[in-house]
Amino acid sequence: MIKDCHVPAENQLGRLGEAFETISLPIREIEDTLGLGTGLGGRAAQLELLAEAIRAASIDPGEAQFEKLGALQVTQAASRALATSLAGGLDSGTKSGPEAYLLAAKRLSRQFQADFSECVKSLQLPENIEISRLSRDLTKLADLAVNVDRAKQGKLGKSLIMKAG
């Protein structure tokens, strides 16, 4: 933490005490959209590491586990479609897309991590430090700004109820 650091007035970005509102908030959507790519790459690595671990353990996961693995791939594909759409919006110089798309992509990221963790536990594979560390980091990434996301979802929910019928 920086303490007692003097910044000359001509070098300050925005007004004193308003940096978050002036600098961070306007680029949050861009930052969140770009962050989806990190999550997609990480989840692809998780799936590959898990497949390798299953093959190395020479186990037959069974139909129930194959369904769970397929569901993880479905979640990944849906996340990729949303991220691609949102990134296309940024590339075109317009808003990345409907706020609900970004919220949905972030929800899918969190759901993937929960489902992945459950899948790994139920397979009872030997401990794999790469899977463990990557999963820990991606769970933390998915949980960034979760309270902000929940507040936005709450506003969407209120607008549904408040709509004149």
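Modeller: With the helices, which are DSSP runs of H or I of at least four residues, numbered from the N terminus. This is a predicted model in which local features need pLDDT of at least 70 and side-chain atom pairs count only at pLDDT 80 or more, while totals for chains, interfaces and linings use all residues. Residues are numbered from 1 along each chain as its sequence is written, and side-chain values use heavy atoms, with hydrogens and water left out.

Biologist: Which helix supplies the largest share of the lining of the largest pocket?

Modeller: First the term: on a 1 Å grid over the protein atoms alone, a pocket is an open set of points with protein on both sides within 12 Å along at least five of seven lines, a cavity is a set where a 1.4 Å probe fits but cannot get out, and lining residues have an atom within 4 Å of a point. The points are joined across faces, edges and corners, and a volume is the space filled by probe spheres set on them. Here the largest pocket has about 360 Å³. Its lining has 18 residues, with Asp32, Gly35, Lys106, Leu141 and Leu144 the closest to the centre. The largest share, ten residues, comes from α1; α1, α3 and α4 each give at least two.

Biologist: How do the residues of that lining divide by class?

Modeller: Ala, Val, Leu, Ile, Met, Phe, Trp, Tyr, Cys and Pro count as nonpolar, Asp, Glu, Lys and Arg as charged, and the others, Gly among them, as polar. On that scheme this lining has eight nonpolar, five polar and five charged residues.

Biologist: What volume does the second largest pocket have?

Modeller: About 250 Å³. Of its 16 lining residues, Ser117, Val120, Lys121, Ile131 and Ser132 are the closest to the centre. α3 and α4 each supply at least two residues of this lining, which holds six nonpolar, seven polar and three charged residues.

Biologist: With which side chain does the side chain of aspartate 149 make a polar contact?

Modeller: A polar contact is a pair of N or O atoms within 3.5 Å; within protein, one must be able to donate a hydrogen and the other to accept it, and residues adjacent in sequence count only if both atoms are side-chain atoms. The partner of aspartate 149 is lysine 106, at 3.0 Å. A second case is the pair serine 109 and arginine 43, whose side chains are joined by a polar contact of 3.2 Å. Serine 109 sits in helix α3 (residues 99-123) and is buried at 9% relative accessibility.

Biologist: Which residues of the largest nonpolar core touch the most other members?

Modeller: A nonpolar core is a set of buried Ala, Val, Leu, Ile, Met, Phe, Trp, Tyr and Cys residues joined through side-chain atoms within 4.5 Å. In the largest one, of 13 residues, they are Leu50 and Leu72. α1, α2 and α3 each supply at least two residues of this core, and α1 gives the largest share, five. Apart from it lies another core of seven residues, including Leu82, Leu86, Leu102 and Ala105.

Biologist: What about backbone angles?

Modeller: Most residues other than glycine have a negative phi. Serine 58 has a positive phi, near 50°, and is found in the loop between α1 (19-57) and α2 (63-91). Serine 58 is exposed at 66% relative accessible area. Alanine 145 has a positive phi near 60° and lies in the loop between α4 (129-142) and α5 (146-162). At 32% relative accessibility, alanine 145 is partly exposed.

How values were computed:
Buried means under 20% relative accessible area, exposed over 50%, partly exposed in between (1.4 Å probe, protein chains only).
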